[in-house]
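Visitor: I'd like to learn how to read a model like this one. Could you walk me through a few features?

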Number of protein chains: 2
Amino acid sequence: MVAQNLARTGGQPTDPYSVGPDAVRLSRSAATLDSPILPQREFAAWFEERRRRHTYQVRRIPFTALDRWGFDPATGNLGHESGRFFTVEGIAVEGGRGPVPGWTQPIIRQPEVGMLGILVKEFDGVLHCLMQFKMEPGNPNLVQLSPTVQATRSNFTRVHRGAPVKYLEYFARPGHRGRVLADVLQSEQGSWFLHKRNRNVVIETTEDVPLDDDYCWLTLGQLRLLLAADELVNMDSRTVLSCLPFAVPPAVGERPAVESMFRQALLRSLAPDAGAEHTMTELLSWITNAKAGSEARVRRIALDDVPDWYRTGTEIAHAGGLHFEVVAVEVEASNREVLRWSQPLLRPVESGVAAFFAARRNGVLHVLVNARAEPGFVDRIELAPTVQCQPGTYAGRSPADRPRYLDQLLAAAPEQVRYRAVHSEEGGRFLNARTTYSVVEVDDSLPAPPDDFRWMTVRQLGDLVRHSGYLDVQARTLLACLHALW
Amino acid sequence: MVAQNLARTGGQPTDPYSVGPDAVRLSRSAATLDSPILPQREFAAWFEERRRRHTYQVRRIPFTALDRWGFDPATGNLGHESGRFFTVEGIAVEGGRGPVPGWTQPIIRQPEVGMLGILVKEFDGVLHCLMQFKMEPGNPNLVQLSPTVQATRSNFTRVHRGAPVKYLEYFARPGHRGRVLADVLQSEQGSWFLHKRNRNVVIETTEDVPLDDDYCWLTLGQLRLLLAADELVNMDSRTVLSCLPFAVPPAVGERPAVESMFRQALLRSLAPDAGAEHTMTELLSWITNAKAGSEARVRRIALDDVPDWYRTGTEIAHAGGLHFEVVAVEVEASNREVLRWSQPLLRPVESGVAAFFAARRNGVLHVLVNARAEPGFVDRIELAPTVQCQPGTYAGRSPADRPRYLDQLLAAAPEQVRYRAVHSEEGGRFLNARTTYSVVEVDDSLPAPPDDFRWMTVRQLGDLVRHSGYLDVQARTLLACLHALW
């Protein structure tokens with residue numbers, strides 16, 4: 001009787017999430033590696049031309065030189081006199097397990113939900129993304145490729161009294177102008193931000209869109225190629241791209257950089273009926289177990305009450321020289337909403353690494369995912385790459401006290417490295433925050449992982465990223481990079 | 001090219017969430033309305049026999065008679081001397097929109113994640129659920145049918161030094177003993193609990209399970225029939241049942257209480273490719289928009305600092321006589337883990353209502369879902385029934401100040417009411433908290449709903465309930481009741 005009724009849908013019910021005409025059209029765009037709109041060979045020249053048109057200056061200043069930012073006399077918290085934008089406060093983490101059950105630290109608190117939006121439109125039947133040439137003061141190279149719109153709620157409400165955000169009309173109320181292809185709240189760095197989330201939105205329009213000087217139309221395939229470059233596609237672009245649904249990808253030409261068996265396994269990993277090591281029910285149970293077992297509590301405290309950190313006229317820093325500093329910069333720009341401003345930035349004291357270990361298991365590519373606790377996550381645990389850390393923090397520690405798989409990552413042979421690029425984290429909040437992102441192929445000699453790790457297919461990551469709070473921002477960058485490899 | 005590659009999966013990729021052998025087996029159990037294990041006609045006698053075996057006494061006591069519970073002298077918060085179980089504290093809600101942008105209230109804070117687990121096992125090829133005859137002091141009729149295991153974290157760690165929780169070994173680490181069929185963190189009443197969540201788990205075992213006196217095996221079909229009774233299937237059972245995945249249901253015998261066109265539309269509403277009014281992408285975008293636009297902030301305050309509420313020797317109550325009271329009870333029981341205890345309970349001052357409006361749209365049953373903000377939700381907004389309130393709170397208010405659709409619910413003609421039963425909310429925390437649950441069929445004359453409402457299929461609710469934080473506990477009860485109607 002059951003079988004009889006299942007037959008109504010041919011026994012193969014459709015996936016409510018990611019298959020449908022939109023996913024097919026997005027996959028077609030991803031398979032289109034060039035475009036007559038802005039040919040790939042002309043992109044670099046366009047980008048350089050934009051760079052020449054603008055002048056930017058970013059220089060470190062003392063905190064006292066910040067305009068309308070200051071330290072609260074009672075708490076030492078650093079904030080803007082309007083009460084908007086963000087504050088730098090303290091948190092105390094207590095009651096956790098593991099080698100470091102509790103600590104205190106400064107953290108950026110930005111409770112507003114910002115908007116990261118990419119506008120897409122068909123040209124000659126292929127979807128193109130409207131990408132922005134954008135300066136952010138914290139980027140090492142200042143300018144990178146950003147989403148169409150990258151707006152804090154303060155931008156929306158014009159707290160900074162600057163020029164209106166271009167193309168914002170498509171995103172002010174997603175779905176009211178254009179069709180929604182993706183729209184999900186996603187977390188950002190949970191070690192640096194307390195409960196920060198941005199709305200990741202992709203809107204398709206069929207209207208005529210006037211093209212501003214600092215914007216260009218690129219296919220998803222062109223963006224996949226650009227993801228191979230260091231420090232070009234910014235964090236906000238990467239996270240929005242990671243939220244797009246893809247159908248089983250169309251065949252694309254062989255890409256010589258990627259070895260063929262790896263690529264075949266990757267293509268199989270994108271299929272919804274891939275031979276996954278774990279069912280989605282098992283994975284959801286594993287995540288639930290990690291959240292339910294997490295006992296660490298996070299409490300907001302005054303920045304003045306954070307021990308082991310000190311403040312000078314120019315920085316808030318860790319006594320041991322680890323982690324990060326909070327500094328102040330003054331910015332002059334000729335193509336931002338306002339021409340001159342000053343703000344605090346968080347400066348990591350060293351570069352980070354983030355890597356997925358990938359293995360062909362049963363012919364299907366799986367990546368090794370870590371259920372990770374960070375104090376700034378809204379719901380305790382998110383899924384992180386196999387390795388995600390600042391390696392210098394652990395210099396000189398015994399192997400047992402170093403992050404799992406870090407040493408294997410650092411020792412990986414070049415032929416294991418299927419993807420590697422340096423990307424910047426959010427240049428509007430972080431100064432020179434570089435992370436080396438890698439996908440490293442490992443073989444069956446890797447022992448069974450500990451319980452806070454699971455092998456997952458790329459498709460399973462894609463099914464989860466349509467919901468809030470599953471993949472952390474580093475895992476989302478790597479998901480976008482994995483899609484750049486097929 | 002795309003179409004060519006889609007053809008690999010027959011163009012109909014499988015749903016990673018809810019179709020598979022388990023969902024088919026669960027549907028078969030749901031279609032099995034009787035069982036030789038405990039025949040349906042013998043259930044009432046079994047239940048009465050259990051009731052006769054036990055004696056229970058619950059009586060109101062003054063707060064000073066509570067054993068090891070007391071008011072913190074600094075804050076007035078009510079708590080247990082161990083620091084465990086739960087506390088009654090205050091919250092301030094600020095910055096919201098709508099008719100009541102801010103308020104303060106007492107609330108139960110129970111940060112621990114509890115476990116609600118149903119053990120299932122096949123008998124003669126049909127899955128049966130191990131249900132428990134259980135006394136809870138707040139239930140109007142004291143005893144109801146509860147999940148196999150209903151354990152706070154304090155139970156796990158034996159804070160109350162009582163007897164071990166029966167069958168807990170299957171749930172102490174879901175998946176290590178038996179197979180996981182569902183496992184998800186779900187919220188509970190966000191107006192009464194601050195950030196409370198329980199783990200909803202269903203585990204299948206193939207072991208021999210010794211049957212304790214206070215337990216019985218029932219098919220899902222038997223439970224569906226029992227859901228028609230008032231105050232029998234407790235809240236914890238209802239929420240766990242709502243989390244189970246179902247395939248397209250098998251044909252079952254006509255059920256005379258349910259009119260045929262309604263039932264046909266309901267069956268179509270369960271299919272994954274049902275003609276839903278909105279795609280899942282559109283619904284997720286709508287939810288994201290509601291969360292991103294929610295500006296209310298919730299701040300913990302001392303219970304002593306909650307204005308408009310007063311405390312006597314026997315209750316904490318609202319000056320206007322609205323909402324709820326906090327009271328204390330002493331309990332004596334012969335079959336609980338401990339034989340005698342005292343505790344605070346939250347007593348609503350009146351019964352609540354919760355109802356889904358249901359309509360056949362394009363031949364497919366849709367229910368009208370409300371994106372609702374409650375201060376205790378972990379992430380601001382969850383999906384609630386069309387109507388969910390205590391009606392008396394709004395007596396005498398102008399129509400504009402009364403909850404949307406409440407008057408239409410109260411005026412519904414008997415022939416519109418497809419389901420109606422009174423169920424109790426969590427009897428371990430709430431005293432006599434009764435809610436009348438209804439599914440009311442409406443026709444096309446209902447005007448287009450306001451933006452915080454959306455029509456959704458039953459299948460779409462089922463896809464979302466596999467993840468945390470989408471459906472509130474009243475919507476989950478009604479989802480279980482909708483499944484009782486096919």
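**Reading buried residues and their contacts**

Guide: Let's start with Leu241(A), which counts as buried because its relative accessibility is 9%. Buried means under 20% relative accessible area, exposed means over 50%, and partly exposed lies in between, with a 1.4 Å probe and protein chains only. Bear in mind that this is a predicted model, where local features need pLDDT of at least 70, side-chain atom pairs count only at pLDDT 80 or more, and totals for chains, interfaces and linings use all residues. Residues are numbered from 1 along each chain as its sequence is written, chains are lettered from A and ligands numbered from 1 in the order in which they are written, and side-chain values use heavy atoms, with hydrogens and water left out.

Visitor: Where does Leu241(A) sit, and which residues is Leu241(A) in contact with, leaving aside neighbours within four places in sequence?

Guide: Leu241(A) belongs to helix α6 of chain A. Helices (H or I, at least four residues) and strands (E, at least two) are DSSP runs, numbered from the N terminus. Contact means heavy atoms within 4.5 Å. Leaving aside neighbours within four places in sequence, Leu241(A) contacts Ile118(A), Leu220(A) and Leu223(A). Gln390(A), 149 residues from Leu241(A) in sequence, is 25 Å away in space, C-alpha to C-alpha.

Visitor: How do I describe two helices that pack together?

Guide: You give the angle between their axes and the distance between the axes. Axes are lines fitted to C-alpha atoms, for helices over the stretch in contact, and angles run from 0 to 180 degrees between N-to-C directions. Here, helix α6 (residues 235-242) and helix α11 (residues 473-483) of chain A pack with axes 8 Å apart, at an angle of about 70°. α6(A) and α11(A) are therefore roughly perpendicular to each other. Angles under 35 degrees count as roughly parallel, over 145 as roughly antiparallel, 65 to 115 as roughly perpendicular and the rest as oblique.

Visitor: Which residues of α6(A) and α11(A) meet?

Guide: From α6(A) you have Met235(A), Arg238(A), Thr239(A) and Ser242(A); they meet Val473(A), Arg476(A), Thr477(A), Leu479(A) and Ala480(A) of α11(A).

Visitor: And over in chain B, how many residues of helix α11 are buried?

Guide: In helix α11 (residues 473-483) of chain B, 11 of the 11 residues are buried, so the helix is largely enclosed by the rest of the structure. Among them are Arg476(B), Cys481(B) and His483(B).

Visitor: What should I look for around a polar side chain?

Guide: Look for polar contacts: pairs of N or O atoms within 3.5 Å where, within protein, one must be able to donate a hydrogen and the other to accept it, and residues adjacent in sequence count only if both atoms are side-chain atoms. Take Gln460(A), in helix α10 (residues 458-464) of chain A. Gln460(A) counts as buried, at 8% relative accessibility. A polar atom of the Gln460(A) side chain lies 2.7 Å from the backbone oxygen of His278(A).

Visitor: What does the side chain of Gln132(B) make a polar contact with?

Guide: The side chain of Gln132(B) pairs with that of Tyr215(B), at 3.3 Å. Gln132(B) lies in strand β7 (residues 126-135) of chain B and is buried, with a relative accessible area of 10%. A polar atom of its side chain is also 3.1 Å from the backbone oxygen of Thr148(B).

Visitor: How do I read aromatic pairs?

Guide: Rings of Phe, Tyr and Trp (its six-membered ring) pair if their centres lie within 6.5 Å; planes under 30 degrees apart count as stacked, over 60 as edge-to-face and the rest as tilted. By this rule there are 32 aromatic pairs over all chains. Phe43(A) and Trp46(A) make a tilted one, 5.9 Å centre to centre with 40° between the planes. They are separated by about one helical turn because they are three residues apart in helix α3 (residues 40-53) of chain A. Ring pairs also link Phe43(A), Trp46(A), Phe47(A) and Phe133(A) into a cluster.

Visitor: What about charges over rings?

Guide: A charge sits over a ring if NZ of Lys or CZ of Arg is within 6 Å of the ring centre and within 35 degrees of the ring normal. Arg177(B) lies over the face of Tyr170(B), 4.6 Å from the ring centre, and Lys121(B) lies over the face of Phe123(B), at 5.6 Å.
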